[in-house]
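Please open the model in your viewer and keep the sequence panel beside it.

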Amino acid sequence: MTMKTKIKAQVIPPDAYPQMVTKAQAAGITRVLRSNVTAVTASRVIEESGDSLREAVRAYVGELEGAGLDFELLSEKAHEIRGFAETAGMMATGRIADGLCRYFDDACQAGVRPDNAVVALHVSAIGRTARDTNALSQMNDVVARELALLAGRKLAESRRKTS
Amino acid sequence: MSGSALEHLKVLIVEDNQHMRSLLRSLLNSAGIRDIIEANNGTTALTALREKKCDLVLSDLAMKPMDGLTFSHAVRTAENSPNPFIPIIMITGHTEKHQVEAARDAGVTEFLVKPITASSLFSRIAEIVERPRAFVRCEQYFGPDRRRRTIESYAGPWRRHDDFQDLQVQ
């Protein structure tokens with residue numbers, strides 16, 4: 001015989017467990033966190049961290065370029081670059097790394113192997129934009145767009161072949 | 001009470017990249033948070049949490065040997081967890097749906113996508129302080145309530161109250 005028993009979730013309301021601050025303190029904290037003064041100070045902090053962050057991005061780019069055809073490692077490094085580059089002011093590098101991350105994610109979801117040439121072109125473009133931050137941004141936009149189109153086309157081809 | 005309460009908060013940063021740790025520390029400093037502990041992966045972070053009472057955790061997702069998901073799960077469910085209710089903000093460059101869902105199911109309080117900005121970080125902290133969430137304990141989950149809002153037009157089953165488990169009775 002099969003019987004059904006009710007499993008209920010226990011809900012613990014916020015006032016039933018220790019909070020990080022009191023309600024009165026919370027108002028003051030949110031005021032500070034949302035103030036213009038804090039925003040300006042924090043923006044300055046990010047600007048001042050630019051050199052250090054760019055150094056971090058370039059280190060990741062070196063690792064990306066040294067990853068060969070190890071797609072797992074390439075994907076890991078591309079995600080790190082995507083996470084850092086824009087904060088470091090390297091917009092083009094971030095955009096192309098984002099394209100590579102999406103390509104890896106889409107290929108993984110579709111169950112197809114990433115195309116070597118598509119990956120190599122992204123890696124090369126990421127390296128170039130990371131080293132030459134003065135490169136024409138218009139050119140970088142074109143490169144990012146073309147790479148995205150190429151990745152989309154190759155992915156569609158792979159899907160057709162496997163279906 | 002002023003925002004000086006920020007000075008009394010102790011924040012644990014769990015991040016394997018030294019540059020990102022440094023940036024997060026500087027951003028927190030700029031808001032007046034001075035008491036900051038750093039750990040470079042989940043294992044050292046758990047040790048730090050046991051040794052020092054923290055109020056908030058900022059954690060990366062991809063780290064070795066212990067990643068942010070395993071760390072968050074351990075904080076929420078380990079028998080010797082020093083504070084299973086501590087707010088955890090997961091900061092990551094991984095934005096795929098399955099990663100976000102995994103973070104949610106590990107008991108993460110807020111999810112912050114890199115590249116981070118000061119306003120995105122501060123708004124997550126403000127959200128936690130301003131609107132602390134209820135916690136839910138059930139057979140397969142312990143952590144902040146994953147239901148952020150009630151959808152008026154929701155017509156599906158109310159699983160939380162009506163979940164059933166098949167039970168064999170002889």
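Where pLDDT is low, the predicted coordinates should not be read in detail. For the complex, the predictor gives an ipTM of 0.79 and a pTM of 0.83.

This is a predicted model, in which local features need pLDDT of at least 70 and side-chain atom pairs count only at pLDDT 80 or more, while totals for chains, interfaces and linings use all residues. Residues are numbered from 1 along each chain as its sequence is written, and chains are lettered from A and ligands numbered from 1 in the order in which they are written.

Staying in chain B, select strand 1 (residues 10-14) and strand 2 (residues 35-39), which pair in the parallel sense over 5 bridges; helices (H or I, at least four residues) and strands (E, at least two) are DSSP runs, numbered from the N terminus, and two strands pair if DSSP finds at least two bridges between them. From strand 1 of chain B the chain crosses through helix 1 (residues 18-30) of chain B to strand 2 of chain B, in a β-α-β crossover that is right-handed, that is, with the strands pointing away from the viewer, the path from the first strand over the helix to the second runs clockwise. Within this pair, Val14(B) stands opposite Ala39(B).

Now display chain A, which has 7 helices and 2 strands, in the order β-β-α-α-α-α-α-α-α from the N terminus on. Its C-alpha atoms fill a box of roughly 65 × 55 × 25 Å along the principal axes.

Where do the chains meet? The contact takes 50 residues from chain A and 51 residues from chain B. On the side of chain A that touches chain B, helix 1 of chain A gives the most, with 9 residues.

Finally, select strand 2 of chain A together with strand 6 (residues 135-138) of chain B, which run antiparallel and are joined by 3 bridges. Here the bridge partner of Val11(A) is Val136(B).

How values were computed. Contact = placed C-beta atoms within 7 Å.
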